[in-house]
Protein chains: 2
Amino acid sequence: MTSESIRVTGVTITPVAFADPPLLNSVGVHEPFALRAVIEVVTDAGLTGLGETYADEQHLAALRAAATAAIGVDVYHTGEIYRRVQAIAAPKTTISAGLIGDSAATDRVFSPFEVACLDIQGKAAGRPVADLLGGAVRDTVPFSGYLFYKWAAHPGAVADSWGAALDPDGIVAQAKRMVDEHGFTALKLKGGVFPPEQEIEAVRALRAQFPDHPLRLDPNAAWTPATSLRVARELDGVLEYLEDPTPGISGMAEVAREAPMPLATNMCVVAFAHLAPGIRENAVQVILSDHHYWGGLRRSALLAGICETFGIGLSMHSNSHLGISLAAMVQLAAAVPNLSYACDTHWPWKSEGEDVVAGTPFRFHGGGLTVPRGPGLGVSLDADALGRLHEQFLMCGQRNRDDTGYMRRVVPGYERRQPRW
Amino acid sequence: MTSESIRVTGVTITPVAFADPPLLNSVGVHEPFALRAVIEVVTDAGLTGLGETYADEQHLAALRAAATAAIGVDVYHTGEIYRRVQAIAAPKTTISAGLIGDSAATDRVFSPFEVACLDIQGKAAGRPVADLLGGAVRDTVPFSGYLFYKWAAHPGAVADSWGAALDPDGIVAQAKRMVDEHGFTALKLKGGVFPPEQEIEAVRALRAQFPDHPLRLDPNAAWTPATSLRVARELDGVLEYLEDPTPGISGMAEVAREAPMPLATNMCVVAFAHLAPGIRENAVQVILSDHHYWGGLRRSALLAGICETFGIGLSMHSNSHLGISLAAMVQLAAAVPNLSYACDTHWPWKSEGEDVVAGTPFRFHGGGLTVPRGPGLGVSLDADALGRLHEQFLMCGQRNRDDTGYMRRVVPGYERRQPRW
């Protein structure tokens with residue numbers, strides 16, 4: 001008895017751009033548009049699958065090469081697609097603005113193809129993708145409210161509805177709106193923007209306003225180990241975890257030895273090759289997984305299993321993203337038993353209605369998202385919307401994420417420094 | 001759009017016994033029958049799935065409890081079945097004759113249910129189980145010829161066709177037949193039976209006869225670290241790996257620090273809880289996976305990913321088994337990219353035709369097995385054969401594997417000792 005094949009006959013890669021507010025971080029500020037690539041995998045069975053990933057030029061070129069390599073492979077044979085991507089993937093390269101460390105090129109390029117193949121497998125089986133990963137162990141996936149220091153507007157534009165957030169009061173107001181609108185039960189502040197004392201003050205203001213919300217602070221490696229330890233001690237009992245206070249595995253290990261709370265990372269352990277040294281040095285106690293650079297959903301599940309095996313906590317990282325990525329994140333998070341912390345998402349920062357997926361499949365209730373029950377990822381493409389966001393990509397002029405360059409155009413002489421304090 | 005469910009409506013657990021030759025090891029000798037349990041999972045969709053596992057009394061009781069707990073769960077929701085098994089599984093217990101260390105009760109009890117659920121998922125999708133694990137990355141799975149010191153016959157019985165193998169000549173003759181009949185391109189000798197010097201001599205005799213076959217020696221923890229190192233040095237350049245020369249992670253680590261070849265294990269690292277200490281001490285360089293105690297096929301794939309991540313070689317362990325287990329081993333081995341060594345199997349020691357699966361789905365060619373291409377595991381139950389082997393179980397009187405007790409009945413005063421030399 002031979003099984004019917006479902007072979008890849010074509011792949012469409014569409015770069016898109018969507019409006020992004022001026023969110024500040026340790027290396028600069030978000031540009032007016034966030035860039036993403038939408039991957040559509042077409043098969044000889046008539047079924048199609050979706051993936052979403054970065055859209056920087058070098059990455060787009062690698063995606064195109066991978067798309068050619070994937071032609072003819074059965075969508076169940078993701079191991080074979082991985083092997084083919086491995087054979088052509090460029091050696092290790094950094095992603096975009098480099099807030100993430102050097103992740104593995106193969107895993108980063110393979111990821112959207114794997115997600116699309118799982119989307120198709122799910123459709124073929126009439127099952128949500130979570131079922132292909134052992135099934136959902138939770139009905140609702142918890143997310144945290146992701147707070148940013150921000151300007152009121154991009155230079156030359158009118159203020160957005162969020163307005164400025166440049167001090168503790170601004171952050172608390174932002175958090176109130178986040179919690180009011182989406183019900184988040186955990187809060188994360190993107191720090192590394194102002195001197196640590198000001199950010200400590202902001203965290204204390206959040207604690208005063210939200211006495212029961214777990215709080216996190218992520219300065220994106222803006223601090224030396226000594227500064228990191230000083231902040232860690234000042235926020236003892238206040239932070240659920242401190243994320244990437246300082247650069248590198250050794251620096252993190254130095255902080256971890258004395259910090260009173262767990263350290264989390266999506267910067268120093270971002271590839272399977274980093275796990276052995278990271279674990280040997282006990283550098284991090286929580287890893288923020290991200291299927292976009294950990295090689296898709298099955299390899300993210302592998303990361304989860306490694307975290308469980310070595311007693312490391314598991315959370316989930318986010319870049320600015322659209323609905324395909326959110327669907328994949330939710331399917332994965334639903335199926336991973338040891339997801340021990342609410343996931344990050346930039347979703348609330350996206351303009352209402354600006355997306356490539358049809359309808360409004362995601363509404364937060366109590367800070368959580370219900371796992372879609374339909375087959376595959378549970379989202380479908382809105383062809384018109386895809387066209388509009390692609391047009392926006394063509395018009396916006398941005399081609400590579402460059403938070404630092406954008407900041408320099410606004411603040412001449414701005415220097416990228418990790419650590420800064 | 002809601003997906004159609006495939007829910008477990010019943011589980012049949014049938015203990016069976018099949019003839020086993022008097023194979024010697026470091027704790028005794030195989031009894032006249034090997035015991036296994038056959039698991040049939042029945043669903044409301046009419047699809048059924050198969051699993052195979054140990055049949056010792058304590059394990060059978062745990063299987064029955066797990067079967068009750070699994071009723072009503074969708075076969076895609078193996079994570080939920082795992083959670084239910086975890087909730088009822090007895091605390092850590094040893095398996096059978098204890099050649100394997102303390103593996104995790106949940107993983108051991110869950111395993112045949114997971115395999116059966118994947119069998120059903122594969123049938124529902126019209127796909128081999130390997131496709132549910134990312135697809136086969138090899139068409140043929142390599143196995144090693146598994147050599148044993150043995151008596152010519154069980155006490156009181158007529159000699160079996162293999163006859164005695166109690167010295168280097170007997171082992172070489174056995175190897176020749178193994179290689180002639182099945183084409184094995186790697187050979188493993190089960191040692192720990194005679195003083196190390198005799199077993200070194202047997203390995204040298206194999207090397208003389210088979211200059212190009214990778215060779216392995218597995219004394220099942222029969223030696224002290226000092227003896228292990230002495231043997232390791234004497235067999236430098238001869239062994240592909242030395243398996244479990246001495247008991248425990250610390251002992252293995254002591255040997256590994258100076259042994260010239262990799263050390264392998266299916267005794268000291270046999271559960272996820274052993275990985276962190278095993279890796280920290282660099283105690284083993286090769287892990288023999290075994291889905292029967294590592295929690296099924298997906299968790300064995302997780303083990304494989306951990307091995308790849310930490311630079312540990314991967315091989316596959318075997319107990320005496322029937323065709324359902326062999327099918328599961330082949331499906332898993334086909335899909336695991338980093339299976340770096342030929343797998344073990346006791347298959348050639350089983351009487352031709354004595355099995356619970358229909359037909360003869362497995363024939364070795366060049367020591368390898370072709371991955372079945374049909375849906376699910378690729379094997380089906382022969383109800384008459386199952387009945388016969390169950391009858392044999394009822395009649396044989398054996399209820400728990402006891403190699404040591406059986407040896408004592410033949411050789412009064414035989415002592416179980418690890419290490420012995």
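Biologist: How many residue pairs are in polar contact between chain A and chain B?

Modeller: This is a predicted model, where local features need pLDDT of at least 70, side-chain atom pairs count only at pLDDT 80 or more, and totals for chains, interfaces and linings use all residues. Residues are numbered from 1 along each chain as its sequence is written, chains are lettered from A and ligands numbered from 1 in the order in which they are written, and side-chain values use heavy atoms, with hydrogens and water left out. A polar contact is a pair of N or O atoms within 3.5 Å; within protein, one must be able to donate a hydrogen and the other to accept it, and residues adjacent in sequence count only if both atoms are side-chain atoms. With both residues at pLDDT 80 or more, the count between chain A and chain B is 12 residue pairs.

Biologist: Which element gives the largest share of the side of chain A that touches chain B?

Modeller: Helices (H or I, at least four residues) and strands (E, at least two) are DSSP runs, numbered from the N terminus. The elements giving two or more residues to that side of chain A are helix H2 (78-88), helix H8 (272-280) and helix H9 (296-309) of chain A. The largest share, seven residues, comes from H9(A).

Biologist: What area is buried between chain A and chain B?

Modeller: Contact means heavy atoms within 4.5 Å, and 35 residues of chain A are in contact with 35 residues of chain B. Buried area is the accessible area (1.4 Å probe) that two parts lose on being put together, summed over both. Carbon and sulfur atoms give 56% of the area here, which is about 2700 Å².

Biologist: Which residue of chain A meets Arg127(B) in a salt bridge?

Modeller: A salt bridge is a side-chain nitrogen of Lys or Arg within 4 Å of a carboxyl oxygen of Asp or Glu. Between chain A and chain B the count is two salt bridges. In one of them, at 2.9 Å from N to O, the side chain of Arg127(B) meets that of Asp74(A).

Biologist: Now inside chain A. Is Asp107(A), which forms a salt bridge with Arg299(A), buried or exposed?

Modeller: The closest N and O atoms of Asp107(A) and Arg299(A) are 2.8 Å apart. The pair links distant parts of the chain, with Asp107(A) in helix H3 and Arg299(A) in helix H9 of chain A, 192 residues apart. Buried means under 20% relative accessible area, exposed over 50% and partly exposed in between (1.4 Å probe, protein chains only). Arg299(A) is buried at 18%, and because its relative accessibility is 3%, Asp107(A) also counts as buried.

Biologist: Which backbone nitrogen does the side chain of Asp119(A) reach?

Modeller: Asp119(A) lies in helix H3 (residues 105-125) of chain A and, at 0% relative accessibility, counts as buried. Not counting residues up to four places away in sequence, Asp119(A) touches Thr48(A), Gly49(A), Leu50(A), Val129(A), Gly376(A) and Leu377(A). At 2.9 Å, its side chain reaches the backbone nitrogen of Leu50(A).

Biologist: How many residues apart in sequence are the parts tied together by Arg36(A) and Glu52(A)?

Modeller: The side chains of Arg36(A) and Glu52(A) meet in a salt bridge at 2.7 Å, N to O. Arg36(A) lies in strand S4 (residues 33-43) and Glu52(A) in strand S5 (residues 48-53) of chain A, so the parts they tie together are apart by 16 residues.

Biologist: Over in chain B, which strand pairs with S9(B) over four bridges?

Modeller: Two strands pair if DSSP finds at least two bridges between them. S9(B) (residues 215-218) has both faces covered, with Leu215(B) and Leu217(B) on one side and Arg216(B) and Asp218(B) on the other, all buried. Leu187(B) stands opposite Leu215(B) in S9(B). The parallel pairing over four bridges is with S8(B).

Biologist: And which residue of S10(B) stands opposite Arg216(B)?

Modeller: S9(B) and strand S10 (residues 239-243) of chain B pair in the parallel sense over three bridges. In S10(B), the residue opposite Arg216(B) is Tyr241(B).
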